[in-house]
Amino acid sequence: MSGLPPMVHHPDYSFPFPPKHRFPMAKFGLLADYLRGQGLLTPDNTYRPGKCRDHWLNQTHSPDYLARFINNTLSRDEQRQMNLPWSEGLVKRTLLAPSGTVLTAQLALHQGLACHLAGGTHHAHYDHASGFCILNDLAIATHVLLKQSDVRQVLIFDCDVHQGDGTAALLKNDEGAFTCSIHCETNFPFTKQTSDMDVGLPNGMEDDDYLDVVDTTLNEALRRCSPDIVLYDAGVDVFSGDPLGRLNISEAGIRQRDRLVLSKLLHRGIPVATVIGGGYDDDRQALAKRHAIVVEVAAELWR
């Protein structure tokens, strides 16, 4: 076993993209570059996913929707919902990222902890995109995991500032999936879905109150389900300076949150796979470093 936790990345997660677009597509490459510079992403602990298998996609999403996205035949309204300019590069990275979350989960099952340097596209629904999310990697990975004989219960612990509405909708009839979302109540999506546990936070919440809620909620989720693995969405759009956030959490608070979540799960012997979730800062370098927090904490705990 290496001195670092396994990490999943693909160079095609970032591709040429309009630099002024609200979605910071460059952050995935910048995150990998930063982690290499810190000595946390090395050839020995880097895993590269392949294209997501068709049957994995089709057991979560509409085959017709998938075909129309891939072939660039979405309607104008559907393109507006997607809110990302279609390109071959977008198709390629969209079909890679869910496979990356599956690979991360498989690595976590075998090694106890693994980090995906992408993922957390929790707004995507069965037959339409939403909130910059085209395919729901958390739901896709959950469905793949539940078909394994050694996984009976998956907990999705979602700390992105926005509710994981697509995940809740896609997994609502799956007894083996427990969805938990801690989010800003007044933020997007403005029509919420019903997760197994939803905790809506008020605008402007600060570190201490936030960390109390995360701790209490994780304890309650673990009381209500006995997960064989946790998929942890470590969104950094809770940060006080995030343009799409509405909470007032410091970077130190984010670090404390990630340490709280990961240490509690590892102490209980529950495998955990992390995804980076949302973050929209116009300072892309600062954003990449913020997304690196969960990886840095994972590396500290691993050692």
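Reader: How do you know how many cavities there are?
Author: A search of the whole structure finds 2 cavities of 30 Å³ or more, where a cavity is a set of points, on a 1 Å grid over the protein atoms alone, at which a 1.4 Å probe fits but cannot get out. The model is a predicted one, in which local features need pLDDT of at least 70 and side-chain atom pairs count only at pLDDT 80 or more, while totals for chains, interfaces and linings use all residues. Residues are numbered from 1 along each chain as its sequence is written, and side-chain values use heavy atoms, with hydrogens and water left out.

Reader: What makes up the lining of the largest cavity?
Author: The largest cavity holds about 300 Å³ of space, a volume being the space filled by probe spheres set on the grid points, which are joined across faces, edges and corners. It is lined by 27 residues, of which Phe 23, Arg 93, Thr 121, Phe 132 and Cys 133 are the closest to its centre; a lining residue has an atom within 4 Å of a point. Helix H1 (27-37) and helix H5 (88-111) each supply at least two lining residues, helices being DSSP runs of H or I with at least four residues, and strands runs of E with at least two, numbered from the N terminus. The largest share, 5 residues, comes from H5.

Reader: Which residues line the second largest cavity?
Author: The second largest cavity, with a volume of about 40 Å³, is lined by Ile 156, Asp 158, Gly 164, Thr 167, Thr 179, Cys 180, Ser 181 and Ser 195. Strand E4 (154-158) and strand E5 (177-184) are the elements that give two or more residues to this lining, and E5 gives the most, with 3 residues.

Reader: Why are residues of H1 called buried?
Author: Lys 27, Phe 28, Gly 29, Leu 30, Leu 31, Ala 32 and Leu 35 of H1 are called buried because that word means under 20% relative accessible area, computed with a 1.4 Å probe on protein chains only. These buried residues pack against H5, H10 and H11.

Reader: What makes H10 and H11 a contact?
Author: Contact means heavy atoms within 4.5 Å, and so Lys 289, Arg 290 and His 291 in H10 meet Ile 293, Val 294 and Val 295 in H11.

Notes:
On a 1 Å grid over the protein atoms alone, a cavity is a set of points where a 1.4 Å probe fits but cannot get out, and a pocket is an open set with protein on both sides within 12 Å along at least five of seven lines; lining residues have an atom within 4 Å of a point. Buried means under 20% relative accessible area, exposed over 50%, partly exposed in between (1.4 Å probe, protein chains only).
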